[in-house]
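Subject: Structure for your files

Dear colleague,

Here is the structure I said I would pass on. My notes on it follow below.

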Amino acid sequence: MVTTTKAISPELLEAVEELARQIAEATNKAYGSHFRQIVKVLPPEVPDLYAWLAALDDSAIEGLAQRLRAVEGSPRPHFTAAVKKARAIALQRRTLAEMPPTFAEALRWAMERQGVSIRQLAKQAGVSHAAVSWWLKGGFPRSRALATKLEEALDLPEGALSGRLPRWGLPKIGVEGKDTPYPEFTRTFLRVAALARYGRPWNDLSPNEKEALRSEDTERWNRLSNRQKRTRKAIKKRFRLSFDEWPLQARKEWEDYERYASSAPGSAARVQAALAGAPLAPTTVRKETLKRERILIEQFYGYCSKERGLESNALGLALLTDLELVHSYLTWRVNRYEDVPPVTRSEYMFIALVKKLHRGYLRALGLGVDLDGVKELERKLKIAGIDVTDGYHAVEPLLETSEPLRWVLDGIRLMLRDAAGRVGDLLAPQIPTAKSQAREALAFYRDVVLLWLMAAHPLRARHFYEAYLDTNEFRDGDFTPGRGHVGRAGGGYYLAYRKVEFKNARSQVFQSLQDHDLVTFPLDDPEHPVLVLDQDGTRYSLNELFHVYLHTILPRLAQALGRTGSLLPLFPGADTKRRLAYIVRMRSAYVAAVPGVPQKLLPFGPHSIRHVVATEVVKQTGSFEAAANVLLDTIDMVTKHYARFAPRDRYSHGWKVYARARGGER
């Protein structure tokens with residue numbers, strides 16, 4: 001009885017067609033056509049075409065050819081060769097499936113399969129003995145060409161090893177400090193852009209392709225904001241007098257002010273100070289604000305000491321009541337710059353601090369204040385016009401596009417791709433055995449989760465570098481945040497912060513909450529548009545990656561960094577403001593590497609991500625209220641910062657939003 005195609009399942013026919021296409025691409029279309037005839041002699045009960053083909057020997061293939069001759073009535077000479085080609089593809093596929101996911105383990109597996117030593121492989125591939133040893137320990141070839149040589153030496157299918165390196169290792173890209181202010185950013189950009197733009201590692205690019213990427217990176221550094229220009233001029237002649245250089249009485253005076261400003265309502269320190277008759281600020285000033293205020297005074301004292309020649313014992317807050325001195329300081333600051341708008345937020349912040357002290361602390365000390373005089377200086381600065389760069393200059397090229405957030409998410413997708421090259425399956429990561437490679441892989445996994453979290457929940461930087469995991473509350477089942485900032489309910493994780501942990505906790509946004517009430521940010525909300533991303537045909541969920549991060553990555557990373565205890569930083573190694581800012585700036589190179597990204601994007605920090613998200617919301621909804629809700633800020637504040645990015649036809653956009661809210665256009 002002759003088998004016909006009618007007895008074969010659609011799935012089996014589809015597999016035959018797929019193999020025929022592969023054979024046609026590898027040889028020629030005729031061989032693909034010959035292989036398709038196998039359906040005439042294919043047993044209908046074959047469950048897996050690839051497994052069946054891989055098990056065929058030469059005599060079985062000859063038997064298929066004879067059966068086909070009987071069906072067709074004439075020989076088909078190339079059928080045997082076509083089936084053997086299909087068998088080779090099936091064997092390659094089985095080999096790829098059996099290989100471990102990471103490069104080092106796959107290389108070791110292939111060497112053991114062939115019985116090849118390190119020295120023999122090095123000789124066959126034309127590389128050094130040390131190079132092979134390094135790769136087996138977790139290192140990576142610097143180019144795809146090297147990985148291909150290894151595949152040939154080990155009789156592996158094309159892509160068996162190179163396919164396990166989507167980032168193609170870490171090539172040594174020559175970047176000098178004089179070429180870029182951020183060498184690490186540039187190296188990452190060149191490496192990732194080579195893969196993202198050309199599909200090849202940096203070392204395999206042509207000279208013209210390399211030059212195109214280098215030129216793109218060079219051009220970005222020519223785009224400086226007025227603030228950056230002023231900063232570069234100011235650095236050439238520093239004038240700030242640090243706190244350690246202040247005379248003793250000036251330091252004690254400032255410490256008294258900090259006690260006046262920082263005592264929390266209801267605290268024991270505030271009660272004792274109040275009973276003692278000491279002056280107290282009406283509201284508590286945050287430590288970060290006090291730090292910024294001290295820097296402003298350090299600059300003022302530097303001017304008084306280094307430019308005006310005042311004796312050290314003359315330094316004190318009483319100098320702020322000399323408005324002629326204050327006026328001369330502002331004039332001197334303005335005159336330091338040429339061809340750059342001179343009045344910035346720094347000058348305005350200084351005069352605002354002087355006004356605040358005249359209104360409160362200096363008055364409480366009984367000094368002769370002149371609030372009207374200070375207000376007049378402030379008015380003059382406002383009339384002059386302040387050049388404001390509200391933290392978005394670095395990402396301004398993105399903000400000018402219709403979908404600013406899209407570029408950041410595409411950059412995170414490239415990071416997911418890179419992470420998969422380091423640890424294999426991101427949901428079942430295999431960490432390299434070498435300590436340096438393991439630490440790098442762990443830190444990179446952390447950074448993928450961190451940047452994704454910041455894009456999905458654009459909180460302030462401190463909510464990430466000050467976040468902790470309470471390991472006493474942490475277990476596989478649901479758990480509460482405890483003293484930390486992570487909770488879990490129904491299998492879904494969420495970040496949790498108390499009201500007092502928000503910068504604007506006293507604003508109307510949080511007025512309905514008590515100080516220790518929790519505000520939560522879920523990682524598995526099906527209505528949230530940024531918690532699931534697709535990359536290379538794989539659908540990633542932030543909640544799933546976060547689960548792996550907490551259970552697998554975080555413990556090992558904390559151990560590698562020497563962090564112990566029941567209260568661990570949620571992001572070890574990124575748990576200071578400075579470290580977090582540095583990490584985000586360097587990883588922003590992935591956004592710069594996205595194909596088609598707007599040119600001259602600069603390294604950006606955590607605050608810029610808030611600008612990107614808020615601008616995206618404003619542009620997509622036309623609603624400042626929606627953006628304010630996402631940022632947990634007031635509408636007035638959001639309008640002040642993002643009005644310039646609102647849709648041009650706001651009237652029409654408003655009606656469209658209204659129509660959608662009602663359930664459709666009516």
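**The loop with His485**

His485 sits in the loop that runs between β1 (468-470) and β2 (486-489). Please keep in mind that the model is predicted. The relative accessible area of His485 is 5%, so this residue is buried, the cut-off being under 20%. Setting aside neighbours within four places in sequence, the contacts of His485 are Glu466, Ala467, Tyr468, Tyr494, Leu495, Ala496, Tyr497 and Glu501.

**Strands β3 and β4**

Ala496, one of the contacts of His485, stands opposite Thr520 in β4. Strand β3 (residues 492-498) and β4 run antiparallel and are joined by five bridges. In a regular strand, side chains alternate between the two faces of the sheet.

**The chain overall**

The protein chain has 30 helices and seven strands. Its C-alpha atoms fill a box of roughly 115 × 65 × 50 Å along the principal axes. Of the 666 residues in the protein chain, 48% are buried. Among contacts with a separation of 6 or more, 66% are between residues 24 or more positions apart. The chain exposes about 32,900 Å², and carbon and sulfur atoms supply 50% of that area. There are 99 positive and 78 negative charges, and their mean positions are 3 Å apart.

**Helix α25**

Which residues of helix α25 (residues 577-587) are buried? They are Leu580, Ala581, Ile583, Val584, Met586 and Arg587. These buried residues pack against α10 (183-198), α21 (404-423), α22 (435-456), α23 (462-465), α26 (589-592) and α27 (606-621).

Leu161 is found in the loop between α9 (144-153) and α10. Leu161 counts as buried because its relative accessibility is 0%. Not counting residues up to four places away in sequence, Leu161 touches Met99, Phe103, Ala106, Leu107, Ala147, Leu150, Glu151, Leu154 and Leu156. Leu161 and Ala110 are 51 residues apart along the chain, and their C-alpha atoms are separated by 9.4 Å.

Val132 lies in helix α8 (residues 129-136). With a relative accessibility of 0%, Val132 also counts as buried. Its contacts, leaving aside neighbours within four places in sequence, are Met111, Ile118, Leu121, Ala122 and Val127. Val132 and Pro77 are 55 residues apart in sequence, and the C-alpha to C-alpha distance between them is 44 Å.

**Aromatic pairs**

A pair of aromatic rings is described by the distance of the centres and the angle of the planes. The structure holds 26 aromatic pairs. One of them is formed by Phe300 and Tyr329, in an edge-to-face arrangement with 5.4 Å centre to centre and 75° between the planes. This pair links distant parts of the chain: Phe300 belongs to helix α15 (residues 287-307) and Tyr329 to helix α16 (residues 323-335), 29 residues apart. Both Phe300 and Tyr329 are buried.

Regards

How values were computed:
Residues numbered from 1 in each chain as written. Predicted model: local features only at pLDDT ≥ 70, side-chain atom pairs only at ≥ 80, totals over all residues. Heavy atoms only, no water. Helix = DSSP H or I, 4+ residues; strand = E, 2+ residues; numbered from the N terminus. Buried < 20%, exposed > 50% of the residue type's maximum accessible area, 1.4 Å probe, protein only. Contact = heavy atoms within 4.5 Å. Areas by Shrake-Rupley, 256 points an atom, 1.4 Å probe, with all protein chains shown as cover. Lys, Arg positive; Asp, Glu negative; His and termini not counted. Charge placed at Lys NZ, Arg CZ, Asp CG, Glu CD. Pairing = 2+ DSSP bridges. Phe/Tyr/Trp six-rings, centres within 6.5 Å; stacked < 30°, edge-to-face > 60°.
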